[in-house]
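This briefing goes through one protein model topic by topic. Keep the sequence and the 3D view at hand while reading.

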Amino acid sequence: ALAETLFMRASRRIRDSFAVLLSLLARQSPILLVAEDLHWIDRESEAVLERVAPGIAHQPILIVTTARSYHQAGWIGAASASEVRLEGLSPQQGIEFLRSVIGGAPSVAPLIPVIAAQTGHVPLFMEEVVRSLVQDGRLSGEPGLYVAPQPIVELPVPPNVASMIAARVGQLTDTQRWALQVAAVIGAEFDLPRLARLLGRDETDLRR
């Protein structure tokens with residue numbers, strides 16, 4: 001109990017010190033504080049933002065954060081906040097984006113719809129697949145002007161993308177992970193009643 005009390009006091013002092021330091025720096029010049037991927041933030045780091053956010057309204061401090069839509073940060077309501085929601089790319093937008101990255105050479109044109117479909121039209125994943133193809137020599141040239149010396153039959157799963165997905169899966173509960181595995185066997189598209197039958201679970205519970 002004593003160790004926990006000391007830890008909480010130390011954490012509070014660190015948060016207070018950071019808030020004071022930020023205010024002092026803001027007196028000298030405007031401050032931009034960027035915090036990416038809040039959906040993966042640890043509790044202590046989020047506590048720092050909770051401490052700082054309410055006091056920035058009358059200071060030249062701008063906090064910019066990014067997060068998945070499911071993440072709810074309660075401290076944002078305590079600040080003068082504006083939300084900018086970025087929707088995913090449509091299939092056509094994904095193809096246009098990929099074409100700007102890979103180019104329009106005849107040897108790579110067949111790859112564009114395949115890469116776009118396999119990556120779900122996610123820009124980061126599309127870029128990483130192209131980068132992997134360049135690194136292993138299956139694409140050559142410059143961004144926007146790539147060519148494929150030989151036909152590309154199989155697309156790689158970039159190591160950093162695989163690690164990212166594995167990390168996200170690792171955060172799931174056993175029940176959620178099992179539902180994900182069964183859904184993956186069905187395919188990229190499936191309906192909830194079918195998944196519920198295969199899992200032997202109540203559909204309402206599964207939807208939650």
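**Salt bridges and exposure**

Glutamate 83 is exposed, because its relative accessible area is 68% and the cut-off for exposed is over 50%. The model is a predicted one.

**Charged pairs**

- Side chains of opposite charge can pair when their charged atoms come close.
- The whole structure holds 10 salt bridges.
- One of them joins the side chains of glutamate 83 and arginine 85, with an N to O distance of 3.8 Å.
- Another salt bridge links arginine 138 to aspartate 136, and here the N to O distance is 3.2 Å.
- Arginine 138 is partly exposed at 27% relative accessibility, and aspartate 136 is also partly exposed, with a relative accessible area of 42%.
- Arginine 194 and aspartate 191 form a salt bridge through their side chains, at 3.9 Å from N to O.
- In this pair, arginine 194 has a relative accessibility of 38% and counts as partly exposed, while aspartate 191 has 33% and counts as partly exposed.

**The largest pocket**

- Rolling a probe the size of a water molecule over the atoms shows where empty space is left.
- The volume of the largest pocket is about 1,600 Å³.
- How many residues line the largest pocket? The lining has 41 residues, and those nearest the centre of the pocket are Thr65, Thr66, Ala67, Arg68 and Val84.
- By residue type, the lining of the largest pocket consists of 24 nonpolar, 10 polar and seven charged residues.
- Strand β2 (61-65) and the helices α5 (123-135) and α6 (159-170) each give at least two residues to this lining.
- Which element supplies the largest share of the lining? That share comes from β2, with five residues.

**A nonpolar patch on the surface**

- Four residues, Leu32, Val34, Leu62 and Val64, make up a nonpolar patch on the surface.
- Together these residues have about 360 Å² of accessible area.
- Both β1 (31-35) and β2 contribute at least two residues each to the nonpolar patch.
- Valine 64 sits in strand β2.
- Valine 64 counts as partly exposed because its relative accessible area is 36%, which lies between the cut-offs of 20% and 50%.

**Positive phi angles**

- Aspartate 37 has a phi near 55°, which is a positive value in a residue other than glycine.
- Aspartate 37 belongs to the loop between β1 and α2 (43-52), and this residue is partly exposed, with a relative accessible area of 33%.
- Histidine 121 is not a glycine either, and its phi is positive, at about 65°.
- The loop between α4 (111-118) and α5 contains histidine 121.
- Is histidine 121 buried or exposed? Histidine 121 is buried, because its relative accessible area is 17% and buried means under 20%.

**Distances across the chain**

- Asparagine 160 lies in helix α6 and is partly exposed, with a relative accessible area of 38%.
- Between asparagine 160 and isoleucine 56 there are 36 Å from C-alpha to C-alpha, and the two are 104 residues apart in sequence.
- Valine 185 is part of helix α7 (residues 174-186) and counts as exposed, at 73% relative accessibility.
- From valine 185 to alanine 57 the separation is 128 residues in sequence and 50 Å in space, C-alpha to C-alpha.
- Where is glutamate 142 placed? Glutamate 142 is in the loop between α5 and α6.
- Glutamate 142 counts as exposed because its relative accessibility is 52%, and the cut-off is over 50%.
- Glutamate 142 and arginine 197 are 55 residues apart along the chain, and their C-alpha atoms are separated by 50 Å.

Conventions. Residues are numbered from 1 along each chain as its sequence is written. This is a predicted model: local features need pLDDT of at least 70, side-chain atom pairs count only at pLDDT 80 or more; totals for chains, interfaces and linings use all residues. Side-chain values use heavy atoms; hydrogens and water are left out. On a 1 Å grid over the protein atoms alone, a cavity is a set of points where a 1.4 Å probe fits but cannot get out, and a pocket is an open set with protein on both sides within 12 Å along at least five of seven lines; lining residues have an atom within 4 Å of a point. Grid points are joined across faces, edges and corners, and a volume is the space filled by probe spheres set on the points. Helices (H or I, at least four residues) and strands (E, at least two) are DSSP runs, numbered from the N terminus. Ala, Val, Leu, Ile, Met, Phe, Trp, Tyr, Cys and Pro count as nonpolar, Asp, Glu, Lys and Arg as charged, and the others, Gly among them, as polar. Patches are made of residues with over 30% relative accessible area and no salt bridge: like charges are joined within 9 Å, nonpolar side chains (Val, Leu, Ile, Met, Phe, Trp, Tyr) within 5 Å. Accessible areas come from the Shrake-Rupley method with a 1.4 Å probe; for residues, only the protein chains shown count as cover. Buried means under 20% relative accessible area, exposed over 50%, partly exposed in between (1.4 Å probe, protein chains only).
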